[in-house]
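The following note sets out points for the attention of a colleague reviewing this model. Please read them alongside the sequence and the coordinates.

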Amino acid sequence: MSARETALRVLCSCRTGGAWADAALRAQLGRDGLSGPEAALCSRIVYGVTQNRLLLDFYLTAYCSQKPDHLQPPLLDILRIGAYQILFLDKVPDSAAVNTSVELAKTAGRGQAAGLVNAVLRKLSQNKDNLPPIPERDEAKYLSIRYSHPRWLVKRLLSLLGREEAERFLAAGNSQPPAAAQVNPLRGPAAELREALEAEGVEAEFHPWLPDCLLLSGTGDLERLDAFRKGMFYIQDPAARLVVMAMDLKPGDRVLDVCAAPGGKSFAAAIAMGDQGRVLACDLHEKKLKRIRDGAARLGLTCLETAAADGRRCPPEWAGQFDAVLVDAPCSGLGIIRKKPDVRYKKADDLFSLPLVQHDILDSASACVRPGGLLVYSTCTVLPEENGQTADTFLAEHPDFSREIFSLPSLGQVPGEITLWPQRHGTDGFYICRMRRQAREP
């Protein structure tokens with residue numbers, strides 16, 4: 001199986017079956033037995049096509065007699081794969097991009113369309129230094145096509161950030177950040193991890209401002225690394241780690257992570273506590289809880305437990321039992337577009353109900369905070385209605401909670417809440433709000 005055939009299968013499953021690109025890619029690479037350079041090329045094509053879908057379709061429209069959305073699947077995906085290679089992959093000759101796309105059409109049972117694929121991609125190749133300009137009369141439409149983000153989101157960003165910074169956010173969404181390895185000090189110091197990674201051919205640099213964090217390149221499959229199997233690190237964006245740092249945990253604390261999967265913040269909490277105390281990681285699905293338990297075992301964390309629970313209906317016996325409760329709520333995910341590029345194609349209508357879910361989880365989880373304890377609310381999005389506005393609604397209904405100042409590396413003192421932005425902070429887009437429950441009066 002070739003890289004391009006596997007990429008086509010992944011893109012088709014995403015477009016017709018609603019699969020997420022990252023999960024579909026991992027599964028298909030395993031089924032097709034791809035590794036090394038072929039797996040790397042496949043991944044680059046899948047993410048590249050997804051990141052640039054609207055732009056690719058704009059250029060394909062210029063050289064194809066049929067509109068992209070009128071083409072039968074998987075023909076459109078084949079054209080996108082070819083166009084992406086021609087326009088973005090300098091190391092792939094245009095002739096190879098064209099010829100392999102023609103072969104894809106034949107092997108996919110679209111042999112009658114091979115001529116169309118050949119003609120469209122050859123025209124694109126011949127004109128790639130003189131491509132049709134994207135009309136700039138409509139600012140939102142131009143940015144939407146140029147950076148392949150939906151127009152509704154572009155308009156929202158323009159209203160929040162203005163033209164210059166909105167464009168930098170969109171560009172960041174199409175970037176490829178290095179993997180961030182969070183050091184597990186229970187298995188050894190950062191310098192020891194760096195040596196172990198470099199011995200396995202991985203380039204590792206210390207993060208410029210986040211302690212016990214290494215930025216990795218040339219990793220390949222991280223789970224195959226000996227240092228990973230030994231539990232010397234876990235992968236987590238600096239923004240997610242800052243959420244846990246905002247909790248300022250201490251050994252012996254009792255911590256509830258209400259929406260814990262895939263477990264990174266629970267791991268960070270247990271490590272911050274020196275594996276002394278209790279971290280209860282919750283999720284609705286047992287399959288996800290097993291992954292958390294497996295991760296905790298790999299990292300050597302003994303204070304972490306799991307429980308299947310709905311964050312909107314926390315068990316009454318948990319009331320007032322935790323020193324700190326983390327609500328990393330389900331959200332639109334618009335802050336992690338650079339890692340999950342297909343998040344951008346969610347329909348705006350699908351997002352309207354999220355603040356209601358977030359509110360219900362906050363309302364339920366807050367009862368688990370002991371008097372004088374801490375509640376931290378976070379999301380991986382940048383929309384105010386899911387972030388500050390949700391926190392404001394909660395606080396208006398719960399006068400025994402109030403925002404509290406906290407400190408973070410590089411950022412200094414934070415006045416109770418902060419939105420992290422990729423173009424400002426070099427992290428995923430995240431919201432963090434720290435709230436203290438007042439202690440009972442004597």
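**Notes on the model**

1. Y234 and F267 are both buried, where buried denotes under 20% relative accessible area, exposed over 50% and partly exposed the range in between (1.4 Å probe, protein chains only). The model is a predicted one, in which local features need pLDDT of at least 70 and side-chain atom pairs count only at pLDDT 80 or more, while totals for chains, interfaces and linings use all residues. Residues are numbered from 1 along each chain as its sequence is written, and side-chain values use heavy atoms, with hydrogens and water left out.

2. The structure holds 8 aromatic pairs; rings of Phe, Tyr and Trp (its six-membered ring) pair if their centres lie within 6.5 Å, and planes under 30 degrees apart count as stacked, over 60 as edge-to-face and the rest as tilted. The pair of Y234 and F267 is edge-to-face, because the ring centres are 6.2 Å apart and the planes stand at 80°. Y234 belongs to strand β4 (residues 233-235) and F267 to helix α14 (residues 264-272), so this pair ties together parts that are 33 residues apart in sequence. Helices (H or I, at least four residues) and strands (E, at least two) are DSSP runs, numbered from the N terminus.

3. Two charged side chains lie over aromatic faces. R146 is placed over the face of Y147, at 4.7 Å from the ring centre, and K340 over the face of W20, at 4.5 Å from the ring centre. The criterion is that NZ of Lys or CZ of Arg is within 6 Å of the ring centre and within 35 degrees of the ring normal.

4. Strand β4 also takes part in an open sheet of 4 strands, with the order β2-β3-β1-β4 and antiparallel pairing; two strands pair if DSSP finds at least two bridges between them. At the edges are β2 (203-206) and β4, each of which pairs on one side only. On average, neighbouring strands of this sheet are turned by 35° against each other, direction ignored.

5. Within the sheet, β2 and strand β3 (residues 213-217) pair in the antiparallel sense over 4 bridges. The bridge partner of E203 is S217 in β3, and that of E205 is L215. The hairpin of these two strands has 6 residues between them, and D212 takes a positive phi near 55° there.

6. Which residues form the contact between α3 and α5? R44, I45, G48 and V49 in α3 meet R80, I81, Y84, Q85 and F88 in α5, contact being heavy atoms within 4.5 Å. Helix α3 (residues 36-51) and helix α5 (residues 75-88) pack at an angle of about 95°, with their axes 10 Å apart. Axes are lines fitted to C-alpha atoms, for helices over the stretch in contact, and angles run from 0 to 180 degrees between N-to-C directions. The two helices α3 and α5 are therefore roughly perpendicular to each other; under 35 degrees counts as roughly parallel, over 145 as roughly antiparallel, 65 to 115 as roughly perpendicular and the rest as oblique.

7. In helix α4 (residues 53-63), the buried residues include L55, L56, D57, Y59, L60 and Y63. Among the elements that cover the buried residues of α4 are α3, α5, α7 (114-126) and α8 (139-147). α4 and α7 pack at about 105°, with their axes 9 Å apart, which makes α4 roughly perpendicular to α7. Y59, L60 and Y63 of α4 make this contact with V120, L121, K123 and L124 of α7.

8. S144 lies in helix α8 and is buried, with a relative accessible area of 7%. Leaving aside neighbours within four places in sequence, S144 is in contact with L54, H149, P150, R151 and V154.

9. Is D275 buried or exposed? D275 is buried, with a relative accessible area of 15%, and its place is in the loop between α14 and β6 (278-283). Not counting residues up to four places away in sequence, D275 touches L186, A270, G300, L301, T302 and C303. The C-alpha atoms of D275 and F322 are separated by 16 Å, the two residues being 47 residues apart along the chain.

10. D32 is in helix α2 (residues 21-32) and is buried, with a relative accessible area of 15%. Not counting residues up to four places away in sequence, D32 touches M1, T6 and R9.
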